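Subject: Structure for you to look at

Dear colleague,

I am passing on the structure we talked about, and below it I have written out what was found in it. Please open the two side by side as you read.

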Amino acid sequence: MQAPRLRVGIFDDGSSTVNMAEKLDSVGHYVTVLHAPEDIRDFELVVIDALGVEGYVEKLSAYARRGQMFLHTSLTHGITVMDPLETSGGIVMSAHPIGQDRWVASALDELGETIVGLLVGELGGSVIDIADDKRAQLAAALTYAGFLSTLQRDASNFLDEFLGDPDVTSDIIMDSAQQFQALPSLDEVIAQYDSINNPGRQRLFRDLARRQAEISRAQDIELWAIQKEDR
């Protein structure tokens with residue numbers, strides 16, 4: 001049996017990439033985009049789908065009613081940012097999607113946890129518990145992982161300058177991504193670094209060499225990279 005459909009009011013200033021309005025509409029909720037805090041009175045669930053959560057919370061708390069549900073979608077904000085709404089009697093929650101079907105979600109009480117779990121489940125996801133003080137680090141880790149696609153494209157372009165065969169380039173990139181690549185010797189790293197005539201690639205080559213040297217404890221390469229940074 002399907003859970004009751006909610007009247008959902010959403011504040012979306014375009015700063016968030018979650019697009020919660022589309023997600024909730026796709027599972028049958030009655031979604032309306034709101035523009036003024038006083039417009040929330042007729043809605044059972046109010047969603048703040050924006051990065052500037054604090055500003056919305058402060059304004060909405062003056063109009064919140066007891067038992068009304070509030071949810072924000074910011075990954076970097078924990079649940080305590082919603083305290084003014086909770087003090088006004090609201091049921092407060094947060095939910096942000098990561099990966100294909102995982103959501104970082106939280107609430108201040110068991111009722112909120114149940115509701116946000118049901119909402120996430122309706123959207124085909126499951127909840128991951130992340131402590132509020134770890135959210136910024138998780139956001140950094142996700143951005144860090146996202147750099148891989150930029151590096152992969154740039155490495156493909158770099159290789160293709162010499163190979164001229166996208167299929168061969170693609171095979172090399174795939175093999176490199178799936179297998180650990182040991183660092184060359186220090187002399188080889190220096191020669192390779194000096195051969196790169198693109199300043200951006202040369203700088204990134206040095207930084208990545210340093211990071212891999214830190215991980216693999218190649219102290220000579222790490223020291224060389226540090227010295228290059230200081231120049």
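This is a predicted model: local features need pLDDT of at least 70, side-chain atom pairs count only at pLDDT 80 or more; totals for chains, interfaces and linings use all residues.

Helix 4 (residues 110–122) lies across strand 3 (45–48), strand 4, strand 5, strand 6 (102–107) and strand 7, and runs at about 35° to strand 5.

As for the sheet as a whole, it is open and has 7 strands in the order 2-1-3-4-5-6-7, with mixed pairing. Strand 2 (30–33) and strand 7 (126–128) stand at its edges with a single partner strand each, so one side of each is left without a neighbour in the sheet. From one strand to the next, the twist averages 30°.

The protein chain is divided into two parts, domain 1 (5–129) and domain 2 (137–226), and the C-alpha centres of domain 1 and domain 2 lie 40 Å apart.

The axes of helix 5 (residues 135–163) and helix 8 (residues 199–216) come within 13 Å and cross at roughly 125°, which makes helix 5 oblique to helix 8. This crossing of helix 5 and helix 8 is left-handed. On the side of helix 5 the contact is made by Tyr-144, Leu-151, Asp-154, Asn-157, Phe-158 and Glu-161, and on the side of helix 8 by Arg-201, Leu-204, Leu-208 and Arg-211. Sorted by class, the residues of this contact are 5 nonpolar, 1 polar and 4 charged.

Helix 8 also meets helix 9: the axes of helix 8 and helix 9 come within 8 Å and cross at roughly 145°, and the crossing is left-handed. The contact of helix 8 with helix 9 has 6 nonpolar, no polar and 7 charged residues.

Finally, helix 7 (residues 186–195) and helix 9 (residues 219–229) pack at an angle of about 30°, with their axes 9 Å apart, and the crossing of helix 7 and helix 9 is right-handed. Leu-186, Val-189, Ile-190 and Tyr-193 in helix 7 meet Asp-220, Ile-221, Trp-224 and Lys-228 in helix 9, and the residues of this contact divide into 6 nonpolar, no polar and 2 charged.

Notes: Residues are numbered from 1 along each chain as its sequence is written. Side-chain values use heavy atoms; hydrogens and water are left out. Axes are lines fitted to C-alpha atoms, for helices over the stretch in contact, and angles run from 0 to 180 degrees between N-to-C directions. Helices (H or I, at least four residues) and strands (E, at least two) are DSSP runs, numbered from the N terminus. Angles under 35 degrees count as roughly parallel, over 145 as roughly antiparallel, 65 to 115 as roughly perpendicular and the rest as oblique. A crossing is left-handed if the near helix is turned anticlockwise from the far one by less than a right angle, and right-handed if clockwise. Contact means heavy atoms within 4.5 Å. Ala, Val, Leu, Ile, Met, Phe, Trp, Tyr, Cys and Pro count as nonpolar, Asp, Glu, Lys and Arg as charged, and the others, Gly among them, as polar. Two strands pair if DSSP finds at least two bridges between them. Domain bounds come from an automatic or database domain assignment.
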